[in-house]
Every structure is written in C-alpha cells, then in structure tokens.
Amino acid sequence: MIKNLSLLSLLFVLTCSSLIAQEAQFPIVKGFGGIYEVPEATERPDPSLEYKILIDLITGTETPENVNRYVDNVARLMNLHGLAGVPKERIHVKVVVHGGAIFSILNNEKYQERFKVDNPNAPVIAALREGGADILVCGQSMIVRGLKKEDLVEGVEVAHSMLTTATTYVPQGYVMLRF
C-alpha cells in the first residue's frame, strides 16, 4: 500500500512538473501571446471552420513601458486557435483600435514624445499583421486626439469609425469581442 502510494505520488509530481515546465507556444503570432497546450481540453476550436473575429480594442495600458495586455491578448486569441489546429488562413481577425488604446499604436517617435519610452507595442502590432490580422484605427478617435496617419505604427489602416466598422463586419458573420 505505501509502495503504491509512493508510486502514485511520484506520477502526480511528474505530471504536474511537466505541465508547469511547459513552454509557451506561438503558432501564429511569433514571439507574442504565448499560450499552452491543454491536453485534457475537450472543448476546442474546430480546424474546419472559418473564424471571423472583430476586436473592439478600447483599453489602454496603465504602464506605458509594458506591452498593452489587451494587444497581447489579440495575439493569444490567434495563437490559441492555431494551437488547436486552425490554419492561419481560416482565422480572419480585424482589430479596430480607439479610445484609450489608440496610444498603443503610436509610432515610436510619437510614443516617446508622450510617454518618454519606446513603444513596446510596435513589435506586437507588426507580429499581429504578419500573423494575418488587419489593424485599423478609428478615424474619429484620431481626429479627437489630433493624430495623423503618419503618427501611427507602420501598417495600421484608418477606418471611418469603430462604429461603422462594426456595422459593416458583424452582418458579414464576424463575432465582435471587446478588449
């Protein structure tokens, strides 16, 4: 009995250690949004489906020297689908940035002017784009904050507004998530 209990304890420790020791994976957005395999998960994305996701990114960061956790969360979302076997070509992500999150997509020069540090979000935005996400900014939010397209990280496109982008893509089957 004690021998079996010791063996069971050892197996438990080894199993927990392997889960704890697991390294983050980045199947779609390289280097950002690290996620972990959950072997016992029975609810998983279906690799045969097309995923259309519209992210309403409004939340800024309280610590400008760190990556906005909601920007990183977009990378996590994409990587979670990829880890489940959904091909990159079946994940259609549009991120519309407005409100306080707009400062996360400033180019390095404008970010330094505002926060006195390099923009830690710029590499994440580039990796998201490389992973297939479209990054858009609400034109109305830009005007209110006195920003121009050249003030933004390279590759960010300007939308008429967050509201009209939502009313355009939701009827096309995009699920809207708010971060």
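Student: Which residue in β4 is the bridge partner of Val137?

Tutor: Strands of a sheet pair through backbone hydrogen bonds, either parallel or antiparallel. In this predicted model, Val158 of β4 is the bridge partner of Val137. Strand β3, residues 134-138, is joined to β4 by 3 bridges, and the two run parallel.

Student: In what order do the strands of the sheet lie?

Tutor: The order is β4-β3-β2-β1-β5, an open sheet of 5 strands with parallel pairing. At the edges are β4 (157-159) and β5 (175-178), each of which pairs on one side only. From one strand to the next, the twist averages 30°.

Student: Which helix packs on the sheet and touches β1, β2 and β5?

Tutor: That is α2, residues 69-83. The direction of α2 makes about 170° with that of β1 (51-57).

Student: What pattern does the chain follow when read along the sequence?

Tutor: The protein chain has 6 helices and 5 strands, and the pattern is α-β-α-β-α-α-β-α-β-α-β. Of contacts between residues at least 6 apart in sequence, 70% join residues at least 24 apart.

Student: How much of the chain is buried?

Tutor: Buried residues account for 38% of the 179 residues. The accessible surface comes to about 10300 Å², and carbon and sulfur atoms hold 58% of that surface.

Student: Which residues touch the most other members of the largest nonpolar core?

Tutor: A nonpolar core is a set of buried nonpolar residues joined through side-chain atoms within 4.5 Å. The largest such core here has 35 residues, and Ile55, Val93 and Leu128 touch the most other members. At least two residues each come from β1, α2, β2, α4 (122-130) and β3. Helix α2 gives the most, with 5 residues. Apart from this core lies another, of 8 residues, including Cys138, Ala159, Met162 and Ala166.

Student: What does Ile55 contact, leaving aside neighbours within four places in sequence?

Tutor: The contacts of Ile55 are Val74, Leu77, Val93, Lys94, Val95, Val96, Leu177 and Phe179.

Student: Leu177 is on that list. Is Leu177 buried or partly exposed?

Tutor: Buried requires a relative accessible area under 20%. Leu177 has 29% relative accessibility, so it counts as partly exposed. Leu177 is in strand β5 and, not counting residues up to four places away, touches Ile53, Leu54, Ile55, Asp56 and Leu77. The C-alpha atoms of Leu177 and Val95 are separated by 9.5 Å, although the two residues are 82 apart along the chain.

Student: Where is Asn107 found?

Tutor: Asn107 sits in the loop between β2 (91-97) and α3 (108-115).

Student: Why does Asn107 count as buried?

Tutor: The cut-off is again 20% relative accessible area. Asn107 has a relative accessible area of 18%, so it is buried.

Student: What does the side chain of Asn107 reach?

Tutor: The side chain of Asn107 reaches the backbone oxygen of Glu150 at 2.7 Å. Besides Glu150, the residues touched by Asn107 are Asp151, Leu152 and Val153, residues up to four places away in sequence not being counted.

Student: Which end of α3 does Asn107 cap?

Tutor: Asn107 caps the N-terminal end, with a side-chain oxygen 3.2 Å from the backbone nitrogen of Glu109. After α3 comes Lys116, which has a positive phi near 65°.

Terms used:
Residues numbered from 1 in each chain as written. Predicted model: local features only at pLDDT ≥ 70, side-chain atom pairs only at ≥ 80, totals over all residues. Heavy atoms only, no water. Helix = DSSP H or I, 4+ residues; strand = E, 2+ residues; numbered from the N terminus. Buried < 20%, exposed > 50% of the residue type's maximum accessible area, 1.4 Å probe, protein only. Contact = heavy atoms within 4.5 Å. Areas by Shrake-Rupley, 256 points an atom, 1.4 Å probe, with all protein chains shown as cover. Polar contact = N/O pair within 3.5 Å; in protein donor to acceptor, adjacent residues only side chain to side chain. Pairing = 2+ DSSP bridges. Axes fitted to C-alpha atoms, helices over the stretch in contact; angles between N-to-C directions.
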